[in-house]
Amino acid sequence: MAKEQHTQATATDPTDIRYYLHQPHDKYVRALLQHRTAALQIIEFALDEDLRLFVDTDSLQLSNSSFIDEKLQISLADICYEGFSHTREPFRICLLFEHKSEAPASGLYEQLNRYINNVWMEDQKQGRPPTLSIPILIYHGAKPIEKEAPAQLFPHAPPALLRFVPHFDYVLLDVAALSEATIDGLDPLLLRHIFLVLKYSRNEAYLQKYWKKVLIFAKHFHENDNIQLIIKFTLLYMVSVSQTVQEALENPAINMTVEEEDLVLPYVFEKYRIKYMHEGIEKGMHEGIQRGIQEGLQKGLEQGIEEGREQGREQGREQGISEGMVLLIQKFLKKNPDMTDEAVAEYFEVSPYIVKAARLK
């Protein structure tokens, strides 16, 4: 039972590489938006001047509410922040993002209308007046998109009938449409890195030339405990989606300065985790399936194969993570042979026994 709980916890932890093995683009955006520092910078960028004068951003706090129903879950995901205007009027900012990071299907306006109705239905259930909501749609697909208008739902309807169509506005933050010059000029600089990552995470040709520009090497960011989480989210995400970044981090002594290597070293082991995890999963699944087939002769071949696959996958993950960590610690010990096992273990947040194993190998 303890092992199952640990696996479940790490699978939902954005500081663990396994979090990004499935739908990494969505997972990264969700991790960012749940981090208040990153979310507030994105919100302040997305809102126009009139809205910034209305919204008291200091009052915004992450909400546990979600208004995505089963139908919307296919295309949208949401993170909500609740706060007050400068006149103390309560409101909600709904940060919505495309579930597949691709151009949304037709009917986006219809989906947002459904979302707003869900918000008001929840207000009604809770016996409170409807809460004013500001939807911000965050999109980082390869092709720019445009906002939809109510008239697009009924292209052949005469203007006299369009007044019966629900009308509302929303904020579209299309990162793909932002020019690199615009992103480079952003202040605060943290937002610059976030938008560069969202814009170019799937562009290997760009990353081969500018991967250092995308990752966060600024020393003062690494010294900020609050921002360190964003650095780690970003690095693990880029390791998960970019072969270029993986290869660059695999040879830090060649591809980075000493200072850069020292800054990212505590996070680099995730590269080896994912590499050896996949190898370990493949090996463990093969062994597990064979055992499952033998055991499955008693309970049914199909069920035995499935149980063997799951057992092998779990064993492979554990084996891969352990081997990857040992490899990284070995590289670290070559540069720091005089550090004690306890000091190295504390640095990597592992057991001293793993450090001893690395020395012996």
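Okay, quick one to start: which residue lies over the face of Phe 84? That's Arg 88, and it sits 4.4 Å from the ring centre. Keep in mind that this is a predicted model.

There's a second case like that. Lys 147 lies over the face of Tyr 170, this time at 5.1 Å from the ring centre.

Now, rings with rings. The structure holds 8 aromatic pairs, and I'll walk you through two of them.

Take Phe 45 and Phe 195. Their ring centres are 5.1 Å apart and the planes meet at 70°; edge-to-face means over 60 degrees, so that's what we call this pair. What I like here is the sequence separation: Phe 45 is in helix H3, residues 36-46, while Phe 195 is in helix H8, residues 189-200, so to speak two distant parts of the chain, 150 residues apart.

Next up, Phe 54 and Phe 91. Here the centres are 5.7 Å apart and the planes are at 55°, so this pair is tilted. Again the two partners come from distant parts of the chain, 37 residues apart: Phe 54 belongs to helix H4, residues 49-54, and Phe 91 to strand E3, residues 90-98.

Definitions and conventions
Residues numbered from 1 in each chain as written. Predicted model: local features only at pLDDT ≥ 70, side-chain atom pairs only at ≥ 80, totals over all residues. Heavy atoms only, no water. Phe/Tyr/Trp six-rings, centres within 6.5 Å; stacked < 30°, edge-to-face > 60°. Helix = DSSP H or I, 4+ residues; strand = E, 2+ residues; numbered from the N terminus. Lys NZ or Arg CZ within 6 Å of the ring centre and 35° of its normal.
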